[in-house]
Amino acid sequence: MPTPRHRVLIVGGGNAGISLAAKLLRGGCPDVALVEPKDTHHYRPLLSYVAGGAATLDDLTRPQADVVPRGVHLYADRVTSVDPHSAVVHLAGGEKVAYGDLVLCPGSEVDWDAVPGLAEAMATPHASTSYLPEHAPDAWRMLSGLTAGRAVFAISDRHVPCSPVGLKPLFLAADHWRAAGVLDDLTVDLLVEGPRLAGTADADRELRAAAEGYGVRILPGTALTSVDAPDRTVRVRTPEGTTTIHYDALFVAPPHRAPAWVMAGGLDGEGTDGFVDVDPLTLQHRRFPRVWALGDVATVDTSPSGGALRKQVPVVAHNIPAALVGKPLRHYDGYTVAPVTTSRSELLLAEHARDGHPEPTIPFPDLGRPRRSLYWFDRHLEPQVYWHRLLRGKVS
Ligand SMILES: Cc1cc2nc3c(=O)[nH]c(=O)nc-3n(C[C@H](O)[C@H](O)[C@H](O)COP(=O)(O)OP(=O)(O)OC[C@H]3O[C@@H](n4cnc5c(N)ncnc54)[C@H](O)[C@@H]3O)c2cc1C
């Protein structure tokens, strides 16, 4: 069998891969192929609402076949290795596929090994996460069933996609507990590994105020180091030392890592922690110019998010053909966004550039303040924009 070859081969049919495939086709690219093993596609931002009791998995799931753009050659398989020297990828089913340009967007994966005992805890009814579809409904069962005791929310800053959204289930649950009259019977601890709750000082201030309004104890600079599931305790590292906390409910935004085959193929770089070593401005690989990466797997020097992809996709779609004919490449400015609920009816946006400066989409009104209209936009309108515009390459 001769090795099939495609003008552009995309690895991963998530937010990045599907949006880019559609955008390339719209731009006239004659031959786009995609490797994606899953037969369902998730709009992942709604997972936070599932974990907070405000959405169901049905609301965020579509058959993958419905979102793969017509005209794209789909390999319903998984990439196991990449050889950038011979411009070939290997699939789990044994097939080899050659490429002109390769775009890597397989996302990142939960790193259960980073916190000993965490995976075991996830198998109990007392621990959960919004970060995987198989756990998100359990998170709401656990949180809504809690009427007394201690809830611990732990937000890692190790490559977590859009990490401030890990706070959404906390605020949705706290508002629920207040309405149910049990908030005063609960102790709620928020362990945040990074220094802030969100990427801008204003959003951080708003979110701290909202958390304190629910009586949440905030522990910044605090990371889970291990979990003892039978004992229902977590060992944590704080700026002052290590300590043990008992929990009745443990919610985590867990550490993430890059797929192992990225490093095995030599596609990472010094200090990239196994993630794909692209120029954060052009999204072109630093050593293999026909390799590109975007989304959660790419080292773009800003917080990964779906909102960031709205800016990254047009850059890669422009730069692939531009690089071939020596035209100037476009730059991604590092824009990213985290929409965070502060109750079951209000939400704020933390929008910022790579250097951490606020980069609001519109100057007025201030979208960094909690608003009902933003909650409605994020929960109800944004999913429609995702299915009908972003995944169809209608971003510029
Ligand atoms: C719970 C949660 C809530 C979020 N909320 C928000 C939000 O409110 N706003 C926001 O902007 N962002 C949010 N994000 C972040 C956003 O969803 C991600 O940044 C975005 O999905 C990244 O897209 P991606 O295509 O890089 O990765 P993914 O969406 O993870 O897609 C990767 C795809 O690659 C496939 N794949 C993996 N390995 C292979 C392989 N070996 N071969 C072939 N294919 C492979 C996977 O099956 C998957 O389909 C959230 C994320 C999560 C998890």
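**Note on the ligand shell and the salt bridges**

1. Arg257 is partly exposed, with 29% relative accessible area. The model is a predicted one.

2. Arg257 pairs with Glu109 in a salt bridge, with an N to O distance of 3.3 Å. Glu109 is itself partly exposed, at 34% relative accessibility.

3. Arg257 also forms a salt bridge with Asp111, where the closest N and O atoms are 2.8 Å apart. Asp111 sits in the loop between strand 9 and helix 5 (118-122), and this pair, too, links distant parts of the chain, 146 residues apart. Asp111 counts as buried because its relative accessibility is 15%, and the cut-off for buried is under 20%.

4. Which residues are joined with Arg257 into one network? Salt bridges with shared partners connect Glu109, Asp111, Asp113 and Arg257. Across the whole structure, the search finds 19 salt bridges.

5. Another salt bridge joins the side chains of Arg344 and Asp175, at 3.4 Å from N to O. Arg344 is in the loop between strand 20 (336-341) and strand 21 (347-352), while Asp175 is in helix 7 (residues 168-180); the two are 169 residues apart, and the pair links distant parts of the chain.

6. Lys394 is found in the segment after helix 11 (372-388). With a relative accessibility of 32%, Lys394 counts as partly exposed. Lys394 and Arg344 are 50 residues apart in sequence, and their C-alpha atoms are 30 Å apart in space.

7. Turning to the ligand, there are 33 residues around it, and those that come nearest are Ala16, Glu36, Asp296, Gly306 and Gly307. By class, this shell contains 16 nonpolar, 11 polar and six charged residues. Helix 1 (15-26), helix 2 (45-51) and helix 10 (306-324) each contribute at least two residues to the shell.

8. A backbone N or O atom of Gly307 is 2.8 Å from a ligand oxygen. The side chain of Trp261 has an N or O atom 3.3 Å from a ligand nitrogen. For Val35, a backbone N or O atom lies 3.5 Å from a nitrogen atom of the ligand. The ligand on its own has 1,000 Å² of accessible area, and the protein covers 92% of this.

Terms used
Residues are numbered from 1 along each chain as its sequence is written. This is a predicted model: local features need pLDDT of at least 70, side-chain atom pairs count only at pLDDT 80 or more; totals for chains, interfaces and linings use all residues. Side-chain values use heavy atoms; hydrogens and water are left out. A residue is near a molecule or strand if one of its heavy atoms lies within 4 Å of it. A polar contact is a pair of N or O atoms within 3.5 Å; within protein, one must be able to donate a hydrogen and the other to accept it, and residues adjacent in sequence count only if both atoms are side-chain atoms. Accessible areas come from the Shrake-Rupley method with a 1.4 Å probe; for residues, only the protein chains shown count as cover. Helices (H or I, at least four residues) and strands (E, at least two) are DSSP runs, numbered from the N terminus. Ala, Val, Leu, Ile, Met, Phe, Trp, Tyr, Cys and Pro count as nonpolar, Asp, Glu, Lys and Arg as charged, and the others, Gly among them, as polar. A salt bridge is a side-chain nitrogen of Lys or Arg within 4 Å of a carboxyl oxygen of Asp or Glu. Buried means under 20% relative accessible area, exposed over 50%, partly exposed in between (1.4 Å probe, protein chains only).
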